[in-house]
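Work through the exercises below with the sequence and the model open. Try each task before reading its solution.

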Amino acid sequence: MGLADSLKAEIKEAPSHAICSVVKCKETMAKEDIATLDAALYDRGIKASVLGRALRKEGIDITEGTITRHRNGGCKTCGAK
């Protein structure tokens with residue numbers, strides 16, 4: 001199987017209705033923490049790696065890639081800007 005076939009299979013299996021992990025994590029947060037997260041998400045002076053580490057210290061399992069995708073508007077379900 002070539003790369004094209006593997007890619008087609010992965011696309012077919014990928015959930016198209018998955019909720020953004022940033023949105024999911026907000027469901028369990030206090031209002032003050034949501035406000036802090038929102039401000040940090042759009043502050044490009046805070047690296048995604050720093051934000052990711054802080055969230056993981058709070059028990060929220062999220063990757064830097066997810067944070068970057070959200071910041072760049074790549075989330076399929078939330079339409080982040």
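## Exercise 1: Thr66 and its surroundings

The side chains of Thr66 and Thr63 are joined by a polar contact of 3.0 Å. A polar contact is a pair of N or O atoms within 3.5 Å; within protein, one must be able to donate a hydrogen and the other to accept it, and residues adjacent in sequence count only if both atoms are side-chain atoms. This is a predicted model: local features need pLDDT of at least 70, side-chain atom pairs count only at pLDDT 80 or more, and totals for chains, interfaces and linings use all residues. Residues are numbered from 1 along each chain as its sequence is written, and side-chain values use heavy atoms, with hydrogens and water left out.

**Task.** Place Thr66 in the secondary structure, classify its burial and list what it touches beyond four places in sequence.

**Solution.** 
- Step 1. Thr66 sits in helix α5, residues 64-71. Helices (H or I, at least four residues) and strands (E, at least two) are DSSP runs, numbered from the N terminus.
- Step 2. Thr66 has 12% relative accessibility, so it counts as buried. The classes are buried under 20% relative accessible area, exposed over 50% and partly exposed in between (1.4 Å probe, protein chains only).
- Step 3. Not counting residues up to four places away in sequence, Thr66 touches Ser21 and Val22. Contact means heavy atoms within 4.5 Å.

## Exercise 2: Val22

**Solution.** 
- Step 1. Val22 belongs to helix α2, residues 21-26.
- Step 2. Its relative accessible area is 1%, so Val22 is buried.
- Step 3. Val22 and His70 are 48 residues apart along the chain, yet their C-alpha atoms are separated by 7.3 Å.

## Exercise 3: Glu64

**Task.** Find the polar partner of the Glu64 side chain, then describe the setting of Glu64.

**Solution.** 
- Step 1. Glu64 is in helix α5.
- Step 2. At 27% relative accessibility, Glu64 is partly exposed.
- Step 3. The Glu64 side chain makes a polar contact of 2.8 Å with the side chain of Arg56.
- Step 4. Arg56 is also among the contacts of Glu64 beyond four places in sequence, with Ala48, Ser49, Gly52 and Arg53.
- Step 5. From Glu64 to Leu51 the C-alpha distance is 7.7 Å, across 13 residues of sequence.

## Exercise 4: Ile46

**Task.** Where does Ile46 lie, and how far in space is it from Leu3?

**Solution.** 
- Step 1. Ile46 lies in the loop between α3 (31-41) and α4 (48-57).
- Step 2. Ile46 counts as partly exposed, at 27% relative accessibility.
- Step 3. Setting aside residues up to four places away, Ile46 touches Ala40, Leu51 and Arg71.
- Step 4. Ile46 and Leu3 are 36 Å apart, C-alpha to C-alpha, and 43 residues apart in sequence.

## Exercise 5: The whole chain

**Task.** Why does the protein count as more spread out than a compact globule?

**Solution.** 
- Step 1. The protein has 5 helices and 0 strands.
- Step 2. Its radius of gyration is 15 Å, well over the 12 Å from the globule rule for 81 residues, so the protein is more spread out than a compact globule. The radius is taken over C-alpha atoms, and the rule is 2.2 Å times the number of residues to the power 0.38.
- Step 3. The C-alpha atoms fill a box of roughly 50 × 25 × 25 Å along the principal axes.
- Step 4. Of the 81 residues, 23% count as buried.
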